[in-house]
Amino acid sequence: RFEFRAVGSSQNIAQPLAFLNTAVADGISQQAEAWMRDYGSILHQISKVHLDRELARMAQFEKDIAQDPHDLEQLKFVLNKITQISEESMDAELAYLDVMERYRTLERYNIEVPSIDKDSDEAEVAATLDQRWHKLFCDYKTKDLRLGKVKEQFREEVLNLDFSKSV
């Protein structure tokens with residue numbers, strides 16, 4: 001244990017140093033909290049952009065595969081979207097997992113995240129991106145299987161048209 005004494009004095013001055021150390025520690029702690037809030041705010045702004053992008057991508061895919069094709073062009077469109085979902089599946093998974101991790105980090109450090117509207121919290125929406133993508137993935141697989149008969153009908157029509165043109 002060290003004791004600090006003023007030069008030429010027999011009085012112990014450890015208490016003023018302890019007080020000084022406490023004030024420095026409190027100042028450092030307050031500054032660290034301010035930096036954490038600032039970095040948290042920046043992380044939230046960036047995360048919101050990524051969240052909006054993923055929500056828009058999922059909403060567009062959901063809208064596109066919800067269509068029931070009535071002609072060859074619509075069938076091609078839906079089949080192209082099904083193929084696109086399949087091809088982008090890994091990229092989408094990485095993107096939504098990144099967004100989920102960003103919001104988990106915000107929650108971990110108690111960074112305030114606003115509500116999207118009165119019924120849904122932005123952090124909750126971000127936390128359920130994986131469930132939404134899984135539902136979309138299952139919907140596209142189901143749609144692809146259900147289009148089997150439609151694809152066969154269009155295939156027969158196209159073959160008949162090609163055969164009648166060649167004769």
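Here is a short briefing, grouped by topic.

You are looking at a predicted model. The chain has 167 residues, and it contains five helices and zero strands.

**Overall layout**

- Starting at the N terminus, the order of elements is α-α-α-α-α.
- Of the 167 residues, 22% count as buried.
- The chain exposes about 12,200 Å², and carbon and sulfur atoms supply 55% of that area.
- Take the contacts between residues at least 6 apart in sequence: 71% of them join residues at least 24 apart.

**Confidence in the model**

- The average pLDDT of the chain is 85, and 84% of the residues score at least 70.
- Residues 1-6 have a pLDDT below 50, and this stretch makes 12 contacts in the model beyond near neighbours in sequence.
- Where pLDDT is low, the predicted coordinates should not be read in detail.

**Salt bridges**

- Arg 132 counts as partly exposed because its relative accessibility is 27%. Glu 62 is also partly exposed, with a relative accessible area of 27%.
- Asp 64 and Lys 81 meet in another salt bridge, at 3.5 Å from N to O. Here the linked parts are helix α1, which holds Asp 64, and helix α2 (residues 72-108), which holds Lys 81; the two residues are 17 apart.
- Are Asp 64 and Lys 81 buried or exposed? Both are buried.
- Lys 143 bridges to Asp 68, and their closest N and O atoms are 3.0 Å apart. Since Lys 143 sits in helix α4 and Asp 68 in the loop between α1 and α2, the pair ties together parts that are 75 residues apart in sequence.
- With a relative accessible area of 12%, Lys 143 is buried.
- Some charged side chains join up as a group: Glu 54, Arg 57 and Glu 88 are linked in a network of salt bridges.

**A closer look at Lys 81**

- Lys 81 is part of helix α2.
- Why does Lys 81 count as buried? Its relative accessible area is 16%, and a residue is called buried when that value is under 20%.
- Setting aside neighbours within four places in sequence, Lys 81 is in contact with Phe 61, Asp 64 and Ile 65. Asp 64 is also its partner in a salt bridge.

**Aromatic pairs**

- The structure holds two aromatic pairs.
- In one of them, the ring centres of Phe 61 and Trp 133 are 6.3 Å apart and the planes stand at 65°, so the pair is edge-to-face. This pair links distant parts of the chain, with Phe 61 in helix α1 and Trp 133 in helix α4, 72 residues apart.
- Both Phe 61 and Trp 133 are buried.
- Phe 137 and Tyr 140 also form an edge-to-face pair, with 5.0 Å between centres and 80° between planes. These two both lie in helix α4, three residues apart, which is about one turn of the helix.
- Phe 137 is partly exposed at 27% relative accessibility, whereas Tyr 140 is buried with a relative accessible area of 3%.

- Which residues make the nonpolar surface patch of about 470 Å²? They are Trp 35, Tyr 39, Ile 42 and Ile 46.
- Ile 42 lies in helix α1, and its relative accessibility of 44% makes it partly exposed.

Methods: Residues numbered from 1 in each chain as written. Heavy atoms only, no water. Buried < 20%, exposed > 50% of the residue type's maximum accessible area, 1.4 Å probe, protein only. Salt bridge = Lys/Arg side-chain N within 4 Å of Asp/Glu carboxyl O. Helix = DSSP H or I, 4+ residues; strand = E, 2+ residues; numbered from the N terminus. Patch = residues over 30% accessible without salt bridge, like charges linked within 9 Å, V, L, I, M, F, W, Y side chains within 5 Å. Areas by Shrake-Rupley, 256 points an atom, 1.4 Å probe, with all protein chains shown as cover. Contact = heavy atoms within 4.5 Å. Phe/Tyr/Trp six-rings, centres within 6.5 Å; stacked < 30°, edge-to-face > 60°. pLDDT = per-residue confidence, 0-100.
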